Amino acid sequence: MKLNAKTSLSIGAFCFLLGTTAQIHAQKTKTDSTKTTEIKEVVVTALGIKRDQRKLGYAISKVDNKDITQAGVVNPMEALQGKVPGVQIIAGSGEPQSSAKVQIRGNTSLGKNNQPLVVIDGVVVDNSVTGADEWGSGYDFGNEMKNLNSDTFESVSVLRGAAASALYGSRASNGVIVITTKKGRSRNGIGVKVNSSLTAQSVYAGPKLQNEFGAGVGSTFSVNSNGERFIDPNTFFYSYSPKFDGQPVKDIDGRTVLYNPQPKNYLEMYQVGIDRKNSVELSGGNDKSTFLFNYTNQEAEGILPRNKFIKNAYFLRATHEFNKYLQLDASFNYTRSYGENPVPQGGNSSPLFSFVYGTPRSFDANYWSHNYLDPVNGGIKQGNADPYGMAGQYFDIFQNTRSQKENNYIGRLELKSQLTDWLNLIVGGNFNNYNFTNESKILGSDPGFKGGGYSILEGRKEQNTVKFLANANFKLTDNLTMNASVGGESFSSKYKSTRLFTNNGLRIPGVFEIQNSVDVPGYEVVYTDGNMSPKKIQSLYAFANFAWKDQLFVDITGRNDWSSTLAYPDGHGDVSYFYPSFVTNWTFSNSFKLPKWVSFSSLRGSLAWVGRDTFPFNTSAGFYYAGDPTAYNSPDGTRIPLIGFNSKALANGNLKNELSRSIELGLNMAFLNNRLDFDVSVYRTNTTNQLLTLPMPQESGVESQQINAGNLQNTGIEIILNAVPLKSNDFKWDTSLTFAKNQDKIVELAPGVEEYVLQWAMGRDVKVLPFLVRNTG
């Protein structure tokens with residue numbers, strides 16, 4: 001079911017130079033909204049290394065900056081939809097700031113997070129899904145992706161297979177999206193670029209509902225003592241009454257209305273959403289230094305009333321070459337955003353669910369959306385005055401305010417030294433700090449607007465990385481070269497949040513302050529998975545690329561991670577895990593004399609392993625005691641403490657990392673002087689040692705146990721076809737077609753386990769189960 005359509009309009013774009021003589025020179029620019037496939041397409045691979053795409057032994061796709069910026073979306077991940085084979089994007093329903101579910105080649109784990117790793121200039125950005133719980137309720141304010149400024153992107157590379165992403169470590173088991181940003185260039189004067197865009201979206205479709213029968217049950221209406229037809233208040237929520245006839249009938253609130261269908265009643269709630277985006281960019285440089293500054297303002301109004309998002313993003317990148325032995329590259333990105341009233345995710349709080357499930361086809365949404373307040377007593381209409389029970393829904397949408405302010409600081413510094421003609425060293429570090437303030441202002445809906453509540457949640461996340469990479473180039477023979485690299489990094493992150501909230505309503509209605517609480521306010525502190533200590537991953541990696549006669553290319557990589565999440569309280573644990581990859585590419589168009597209409601051809605294959613750790617302190621569950629000082633009430637009213645284990649999970653002292661093994665084969669061919677080319681990939685990935693949380697019998701005294709077990713298999717095929725139907729000196733038309741098919745199946749679970757619940761819905765009434773494939777011999 002698709003609920004909205006987007007129309008993007010570019011308002012204007014121009015570039016000019018501010019020269020040193022104060023003259024303005026026009027700079028002609030050409031725009032092209034389609035992809036271009038050149039004979040040497042340079043892409044950004046793992047660790048930011050640029051390579052010729054046609055010499056790689058694994059699948060990787062490049063998306064140009066214009067394909068992202070012209071999409072007219074807040075979250076740049078949504079702009080990848082349909083541009084890369086094997087990548088599935090499901091936009092969130094929170095509009096417009098909500099997070100997007102991104103999957104590359106299906107699910108590689110039975111856990112809840114199968115999102116790919118997102119790296120921007122070497123900085124890891126949180127891409128986890130936010131939003132609804134098992135009841136469908138929740139308000140999705142989005143993840144950090146919405147704070148990225150796509151106007152600063154130079155290119156986006158999607159590393160789809162394990163061989164492509166293995167060097168990024170355990171965080172990259174679901175694939176990697178590598179983003180590189182723009183930088184200035186040597187020029188005469190300062191370049192100025194201004195862009196403006198406007199995007200509109202509107203609801204155009206929804207559930208298909210009948211509009212022939214209205215409220216009630218039966219072929220005729222009952223008639224009162226005055227001979228007036230009336231809708232039965234006991235069956236109004238059904239739509240099985242007589243056919244619509246346009247004649248008067250008494251509604252269940254006593255009004256006489258015409259008995260007509262309301263085919264768009266569930267659409268009356270929505271409005272036209274508008275997204276306005278404006279940016280200005282300054283750039284310049286000389287032979288030694290460059291700089292680029294970008295400021296972007298984006299203001300979006302969602303399709304639900306009172307839903308909005310505002311973003312102000314500032315970006316600065318500078319480079320400087322001190323001498324041939326030392327070059328500097330630094331950037332800083334600051335984003336300030338504000339989101340308000342995202343669309344409720346689901347359940348009873350969702351407008352669409354309430355309309356479709358709880359109201360008949362004769363429900364007049366326009367009337368009730370203006371008549372939900374009690375004009376005499378205040379609050380919402382009660383009882384018979386709210387016969388359809390929709391007053392609370394309208395009250396929540398139009399009177400309550402949920403907002404979130406965010407500040408995101410991303411900085412990086414990289415020093416490169418060309419030690420010799422064949423050896424260079426890169427040393428760098430980066431940070432990604434994020435803080436937010438979430439407020440809920442709930443007005444009381446009881447008479448006199450009594451009740452209500454106020455809460456404020458403040459959180460911060462700190463993430464730091466330091467790393468080094470040494471690169472060497474060797475000419476082993478006249479026909480054989482080798483590029484070798486050795487590197488390492490240390491990654492750490494921690495999170496803390498505090499929440500204050502009122503209890504039992506507000507003393508003074510409409511005054512949203514913690515001290516206005518009727519009872520003693522509540523206070524909660526949440527650390528990284530219950531603890532202040534950060535998650536740390538330390539890594540060493542090495543890789544070598546061999547090239548023989550520009551025909552055969554072989555890559556060998558290896559990485560070892562040491563993850564703090566696999567350590568136990570007493571210090572033991574399998575914290576170290578190693579995984580290699582082997583990749584080859586045979587460009588047989590350089591080995592044989594093929595027909596002239598064959599421009600390029602290559603075969604590729606890869607075998608790779610990728611490890612995955614768990615979340616912080618998961619291994620500590622059930623291993624130490626934790627006290628609850630307010631567990632029981634004594635007869636005199638005092639609290640009696642209870643000492644118990646820190647978790648309701650059974651302790652397991654032998655947990656280790658998950659491991660994925662992937663095999664991939666591919667064929668790439670181009671014809672007619674590269675006017676037509678296609679790329680085909682087939683793959684199979686098996687993830688074993690899955691970290692499974694299994695339910696335990698109630699009589700055991702615990703609720704669950706974690707074990708390593710299972711085998712999840714992904715198989716699939718990806719095809720991309722590029723063509724240039726028209727090409728001249730002044731015009732070029734490129735087009736592309738992608739196709740992908742992926743199948744996930746569970747080959748093996750734990751012994752004796754018949755099912756594994758992936759997710760619950762409607763509380764615990766509905767469960768999502770994977771399909772277990774049984775081998776019958």
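This is a predicted model: local features need pLDDT of at least 70, side-chain atom pairs count only at pLDDT 80 or more; totals for chains, interfaces and linings use all residues.
Leu413 belongs to strand β23, which covers residues 401-418. Together with Phe322, Tyr325, Leu326 and Leu415, Leu413 makes up a nonpolar patch on the surface. The accessible area of these residues together is about 440 Å².

**A salt-bridge network that includes Arg412 and Glu414.** Asp121, Arg317, Asp329, Arg412 and Glu414 are linked by salt bridges into a network. The count of salt bridges in the model comes to 28.

**The salt bridge between Lys146 and Glu406.** The side chains of Lys146 and Glu406 pair at 2.8 Å, N to O.

**The salt bridge between Arg105 and Glu664.** An N to O distance of 3.1 Å separates the side chains of Arg105 and Glu664 in this salt bridge. Arg105 is in the loop between β7 (100-104) and β8 (117-120), while Glu664 is in strand β35 (residues 658-671). The two residues are 559 residues apart, and the pair links distant parts of the chain. Both Arg105 and Glu664 are buried.

**The salt bridge between Arg402 and Asp396.** The side chains of Arg402 and Asp396 meet at 3.0 Å, N to O. Arg402 is buried, as is Asp396.

**The largest nonpolar core.** This core has 29 residues, of which Ile231, Met269, Tyr270, Phe355, Phe363, Tyr388 and Tyr394 touch the most other members. Helices α3 (351-358), α4 (365-368) and α5 (391-399) are the elements that give two or more residues to the core. The most come from α5, with 4 residues. Leaving aside residues up to four places away in sequence, Phe355 touches Asn265, Tyr266, Met269, Phe363, Ala365, Met390 and Tyr394. A second, separate core has 25 residues, among them Val44, Leu117, Phe543 and Ala608.

**The surroundings of Gln706.** Gln706 lies in strand β37 (residues 704-727). With a relative accessibility of 11%, Gln706 counts as buried. The side chains of Gln706 and Thr693 are joined by a polar contact of 3.2 Å. Beyond residues up to four places away in sequence, Gln706 touches Asn618, Asn652, Leu655, Leu692 and Thr693.

Notes:
Residues are numbered from 1 along each chain as its sequence is written. Side-chain values use heavy atoms; hydrogens and water are left out. A nonpolar core is a set of buried Ala, Val, Leu, Ile, Met, Phe, Trp, Tyr and Cys residues joined through side-chain atoms within 4.5 Å. Buried means under 20% relative accessible area, exposed over 50%, partly exposed in between (1.4 Å probe, protein chains only). Contact means heavy atoms within 4.5 Å. A polar contact is a pair of N or O atoms within 3.5 Å; within protein, one must be able to donate a hydrogen and the other to accept it, and residues adjacent in sequence count only if both atoms are side-chain atoms. Patches are made of residues with over 30% relative accessible area and no salt bridge: like charges are joined within 9 Å, nonpolar side chains (Val, Leu, Ile, Met, Phe, Trp, Tyr) within 5 Å. Accessible areas come from the Shrake-Rupley method with a 1.4 Å probe; for residues, only the protein chains shown count as cover. A salt bridge is a side-chain nitrogen of Lys or Arg within 4 Å of a carboxyl oxygen of Asp or Glu.
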